[in-house]
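Trainee: I would like to go through this protein with you, one question at a time. Can we look at the sequence and the model together?

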Amino acid sequence: MTKKWFVSAIAALAVGSALLPSAHAAAPEVKYSSNGQAFTPSTPAVLQDDRLFLPLRDVADLLEKYVDWDDASKTALFSDKPKLTGKYTLHEKDLAEGVKFGVGSSLTHIPGDPDNVFYTTADRGPNGEIDVDGKTRRTFPLPNYTPSIYKIQLEQGKINILETIPLKISGKDPVNGTDKITGLPNLKSRDEVPYDKAAQNVIQYDPYGLDVEGLAYNPQDGTFWISDEYGPYLVQVKRDGTLLQRIAPKGIDPALNTAALPLKDNLPAVYLNRRQNRGAEAVGITPDGKWMFMAMQSPLRNPDKSVDNSRTLRILKIDLATLKPVAEYAYITEDAGQFKDLKQSDIVISDLVAVNEHTLLIDERDKNAGDAAQLKKIFAIDLSNATNVLGKYDDASQAGKTLEQLSLTELRQMGVQTPVKRTVLDAVEFKYPNEKIEGISLVDGHKLVIVNDNDFGVNDPGSPENGTDLWTFELPYDIK
């Protein structure tokens, strides 16, 4: 099929759809073939005035393209599908009996490095949940685990660890008495209670502890930024792993502001309403080093957990010169209703790449793995015409509801334009095996890389495999 035919067909479909009567019959006894192979459209075609109208998605499938529909702007977005170019696995020794070595909660590439070299992190360390007397307790079998940044290399199907950079402070951590931090919760007043491996004894909180989820690099000053689920926080880190400063929501406990780690409460206070373990999941910095973006994994509990099934997640834009937010966008996740046995709260953001000030790559996924997975997509989103909602819907004063309470219809009635999304990768089509794709990176505008967080193998401790898989893809176009 030629490009000219494709453009003509799309035009005919678009115009034809507008002219179709409200009641019409499916075309009778129509057979379909592509390259000699029979196929059946997902929705019956329509015959009108001797013209056959095929569903748009079926046309896209025939042309091996993704198609997305933005109802607000009435735009059909087509994208060429990528090619899988490499598979790599981790083969490091276990951290302890039944505890796998972990990376993959983030991924970033530093300009100037070889195309096969990246930086990644694991999260707060191995942890689990045990029910005691009808209540769930969060356990930390390795309480002195140090969250770290790892420099990795992809070679001959393996993920090789080139360098380990432990996170540390200019002082002493109260938990272990060294300069290295832990991954334990910070505040007794608002974080989960940390228990030992047996879930019997409460262990010490760590004011410097981080639940690391995102990693970005600022080329202007050569530092990393980490997004954290506890606060949620954004933390600046030197290349040697020393924490420099922490950005937190207004109203956070001032005791966290220390000489070892200065704190700036620049984030909106509403972010204190994050759902536990669903905090700042992603961070990205534009190549010019001017803007930083932070995305929340799930809806804020604003005003409470009744909005856990909201489709609206927040993306914050921060001026790196002032470290203050300048914009906030209402990102709409996919509708769980189109999938089987999937709750809306099971759809989350897991990472992002800031391509430029107006274009982000967003990692959106469900909670399932293997054959049960239904949503594992990387979207390119356009912020050019998206509405800045910073400070407007944090409470019900303006619209009678908070941002999380507003339906998509209500957002449109309020004049809120949400970012336009188009599919860059559907990892389900490629049968990516793991649940938590939590690291994505883009190299040279056309090399897409994804990696999963294996959660230290806590759900499958007896497996001989590490459970970390990094895949590379070649896009047939550039995203710049």
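## Rings, strands and a loop

Mentor: Start with a charge over a ring, meaning NZ of Lys or CZ of Arg within 6 Å of the ring centre and within 35 degrees of the ring normal. Lys317 sits over the face of Trp291, 4.3 Å from the ring centre. This is a predicted model, where local features need pLDDT of at least 70, side-chain atom pairs count only at pLDDT 80 or more, and totals for chains, interfaces and linings use all residues. Residues are numbered from 1 along each chain as its sequence is written, and side-chain values use heavy atoms, with hydrogens and water left out.

Trainee: Which residue lies over the face of Tyr233?

Mentor: Look over the face of that ring, at 4.8 Å from its centre. The residue there is Arg246.

Trainee: How are the rings of Tyr119 and Phe224 arranged: stacked, edge-to-face or tilted?

Mentor: Rings of Phe, Tyr and Trp (its six-membered ring) pair if their centres lie within 6.5 Å; planes under 30 degrees apart are stacked, over 60 edge-to-face, the rest tilted. The structure holds six such aromatic pairs. In this one the centres are 5.3 Å apart and the planes at 55 degrees, so the pair of Tyr119 and Phe224 is tilted.

Trainee: How many residues apart are Tyr119 and Phe224?

Mentor: Helices (H or I, at least four residues) and strands (E, at least two) are DSSP runs, numbered from the N terminus. Tyr119 is in strand E8 (residues 117-121) and Phe224 in strand E15 (residues 223-228). The pair links distant parts of the chain, and the separation is 105 residues.

Trainee: Is Phe473 buried or exposed?

Mentor: Phe473 pairs edge-to-face with Phe430, at 5.1 Å centre to centre and 75 degrees between the planes. Phe430 lies in the loop between strand E26 (420-426) and strand E27 (437-443), and Phe473 in strand E29 (residues 469-474), so the pair ties together parts 43 residues apart in sequence. Phe430 has 23% relative accessibility and counts as partly exposed. Phe473 has a relative accessible area of 2%, so it is buried.

Trainee: In E22, which residue is the bridge partner of Leu316?

Mentor: Two strands pair if DSSP finds at least two bridges between them. Strand E21 (residues 312-319) pairs with E22 in the antiparallel sense, over eight bridges. In E22, Leu316 is bridged to Glu328.

Trainee: How many of the nine residues of strand E22 are buried?

Mentor: Strand E22 covers residues 324-332. It is largely enclosed by the rest of the structure, because its buried residues number seven of the nine.

Trainee: Which residues does Gly467 touch, leaving out those up to four places away in sequence?

Mentor: Gly467 is in the loop between strand E28 (447-452) and E29. At 30% relative accessibility, Gly467 is partly exposed. Contact means heavy atoms within 4.5 Å. By that test, Gly467 touches Asn434, Asn452 and Asn454.

Trainee: What share of the 480 residues is buried?

Mentor: The protein has three helices and 29 strands. Its C-alpha trace spans about 80 × 55 × 50 Å along the principal axes. Of the 480 residues, the buried share is 54%.

Note on methods
Buried means under 20% relative accessible area, exposed over 50%, partly exposed in between (1.4 Å probe, protein chains only).
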